[in-house]
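Thanks for making the time this morning. I would like to walk through a few local features of one chain, going slowly enough that we can check each of them together on the screen.

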Amino acid sequence: MAKPLIGILSRIFTEYDKDINCIERCFVSMDYIRAIENSGGSPIIIPLLKDEESLKKLLKDIDGLLVPGGIDVNPLRYNEEPFEKIGFISDDIDDFDIKAIRWTYELRKPILGICRGLQVINVAFGGSLYQDLSLKSGYRINHWQKAKKDTPTHSIDIKTGTRMFNLLGSSAIVNSYHHQAIKDLAEGFIASSLSMDGIIESIEKVNDGYVLAVQWHPEMMFNSHENMRKIFIDFIEECQKQNKGEIS
Ligand SMILES: [Mn+2]
C-alpha cells in the first residue's frame with residue numbers, strides 16, 4: 001500500500017538583509033517533516049497559495065492535512081478587537097489556513113492541528129481564543145517554557161473515552177510554547193485534555209470526521225518520547241484509510 005501523502009501548511013518568514021532587502025520565504029519546520037516521514041507518511045509542503053483552484057487541487061491530492069504552529073489568529077476572525085498583548089497576525093495566513101481546514105474537512109480527510117493549528121481550527125469551526133493567557137483569570141502555570149524543546153514541563157489530565165485517552169492514557173506531561181488558548185470551544189468538538197490551570201490542551205471532533213489538535217508540540221518530543229509518536233502514527237493510519245473525495 002502506498003504511503004499516505006500528508007500536506008503540511010507552510011508559513012512565511014521574512015528575511016531582512018542589507019543587500020537583498022526583505023525577501024519572503026515559504027517554509028515548514030523540519031520537526032514536522034521528520035515526524036511525518038518517521039510515522040509512515042510522505043510529507044509535502046503546501047505553499048501559501050492565494051489561488052483557490054490551486055489550493056483545492058492540492059487538497060484533493062493529499063490524504064491528510066497537518067496544520068502546524070505559527071503566529072496569532074487575527075481576533076477579528078472571532079469578532080474581537082485586538083487586545084494590546086496580541087502578537088503578530090497575518091490575514092494572508094489566516095485566509096490560507098481557514099480555507100484549507102474547511103475544504104479538507106469537506107473532503108472528510110483527517111486533520112491534525114498543532115499549537116496555532118489547534119487555535120485556528122477552533123476559529124475555523126466557530127470558536128474563540130484568549131488573545132493572551134493573562135486575560136484568563138485565576139491560577140496560571142507557565143505555558144512558555146524556558147527549557148529545551150523536547151522537555152516536558154507541565155502535566156495534562158486527559159478525558160476518559162476520548163481518542164487522546166486511547167493514545168496517551170489518563171495523563172501526560174507536555175512541552176508548552178503558547179501565549180494564547182481556546183476560550184469558547186467550537187461546536188462539535190470536545191476538549192480531550194486540560195492543564196492544571198484549566199487551559200484546553202487538546203481537542204477532537206465528535207463523531208463526524210477525524211479532526212484532532214493539540215496545544216503542545218509533539219513533533220519536538222517525537223525522538224525522545226515514545227507516547228508522542230502515537231499521535232502521529234494514529235493520524236497517519238487514519239489517512240491511510242481515506243478515499244479521495246470531491247470539494248463542493
Ligand atoms: Mn500549555
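Predicted model: local features only at pLDDT ≥ 70, side-chain atom pairs only at ≥ 80, totals over all residues.

The expected span here is 1.5 Å times one less than the number of residues in the helix, and helices (H or I, at least four residues) and strands (E, at least two) are DSSP runs numbered from the N terminus.

Residues are numbered from 1 along each chain as its sequence is written, and side-chain values use heavy atoms, with hydrogens and water left out.

Staying with H6, its buried residues are Met228, Ile231, Phe232, Asp234, Phe235, Ile236, Glu238 and Cys239, where buried means under 20% relative accessible area, exposed over 50%, and partly exposed in between, with a 1.4 Å probe and protein chains only. In general, an α-helix has 3.6 residues a turn, so residues three or four places apart point the same way.

Which side chains does Asp234 meet through polar contacts? Asp234, which lies in H6, counts as buried because its relative accessibility is 11%. Its side chain makes a polar contact of 2.8 Å with the side chain of Arg163, and another polar contact, also given as 2.8 Å, joins the side chains of Asp234 and Tyr210. A polar contact is a pair of N or O atoms within 3.5 Å; within protein, one must be able to donate a hydrogen and the other to accept it, and residues adjacent in sequence count only if both atoms are side-chain atoms. Leaving aside neighbours within four places in sequence, Asp234 is in contact (heavy atoms within 4.5 Å) with Arg163, Leu167 and Tyr210.

Next comes helix H3, which has 16 residues and reaches 22 Å from its first C-alpha to its last, close to the 22 Å expected at 1.5 Å a residue. The N-terminal end of H3 is capped by Ser90, a side-chain oxygen of which lies 3.3 Å from the backbone nitrogen of Asp92. The buried residues in H3 include Phe96, Ala100, Trp103 and Thr104, and these four are also among the H3 residues that meet Glu52, Leu55, Lys56 and Leu59 in H2. The axes of helix H2 (residues 52-61) and helix H3 (residues 91-106) come within 10 Å and cross at roughly 45 degrees, which makes H2 oblique to H3. For reference, axes are lines fitted to C-alpha atoms, for helices over the stretch in contact, and angles run from 0 to 180 degrees between N-to-C directions; angles under 35 degrees count as roughly parallel, over 145 as roughly antiparallel, 65 to 115 as roughly perpendicular and the rest as oblique.

What follows H3? It is Arg108, whose phi is positive, near 55 degrees, and which lies in the loop between H3 and strand E6 (111-114). Arg108 is partly exposed, with a relative accessible area of 34%. Cys115, in the loop between E6 and helix H4 (116-124), has a positive phi as well, near 60 degrees, but Cys115 counts as buried at 6% relative accessibility. As background, most residues other than glycine have a negative phi.

Finally, is Gln180 buried or exposed? Gln180, in the loop between strand E9 (171-174) and strand E10 (181-182), is buried, with a relative accessible area of 1%. Its side chain is joined to that of Asp72 by a polar contact of 3.4 Å, and, neighbours within four places in sequence aside, the residues in contact with Gln180 include Val73, Tyr78, Ile86, Gln119 and Gln215.
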